[in-house]
Amino acid sequence: MFAQAGFTGIQVGKIPDIFVPMTMKGQMTPIRNGTGQLNDSFLAVLARRKPGVSVEQAQAGIINADYPGLLEQQAATLKMRKGGKDEKEFLSKKIVLAPGAQGRTTAQRIQDQR
């Protein structure tokens, strides 16, 4: 698989040797596939906003418009007590957009918070 010319990945200082389609996750990590597990977070997502779309517009748009329904489905699957504190907290989660110009690393997030 090839990425667009000039794209070197999303982790600063690490350039992948190969890009693999997400549909091959099971073949790449057969012992721990994770695609069928709701609490597995194997996927990091970066996206670009269309020109003229503000962060606020993108955040309020499709990203968080569809997310509450997905959370409700997941809460039901996890058998959370209806109306309980855990369910309310779980259902109040939002997807937060953050600048990705410097890539994505845990170390960067920790340093940025200082």
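Hi everyone, let me start with a term: buried means under 20% relative accessible area, exposed over 50%, and partly exposed in between, using a 1.4 Å probe and protein chains only. By that cut-off, 11% of the 114 residues of this protein count as buried.

Please keep in mind that this is a predicted model, where local features need pLDDT of at least 70, side-chain atom pairs count only at pLDDT 80 or more, and totals for chains, interfaces and linings use all residues. Residues are numbered from 1 along each chain as its sequence is written, and side-chain values use heavy atoms, with hydrogens and water left out.

On to confidence. The average pLDDT (the predictor's confidence in each residue, from 0 to 100) is 76 for the protein, and 76% of the residues score at least 70. Confidence is highest in helix α3, residues 85–91, with a mean of 89, and lowest in helix α4, residues 106–112, at 50.

Now the fold. The protein has four helices and zero strands; these are DSSP runs numbered from the N terminus, with helices being H or I of at least four residues and strands E of at least two.

How many salt bridges does a search of the whole structure find? One, where a salt bridge is a side-chain nitrogen of Lys or Arg within 4 Å of a carboxyl oxygen of Asp or Glu. The partners are Glu87 and Lys82, at 3.9 Å, N to O. Glu87 counts as buried because its relative accessibility is 8%, whereas Lys82, at 73%, counts as exposed.

Finally, Ile18 sits in the segment before α1 (25–28), and it is exposed because its relative accessibility is 55%.
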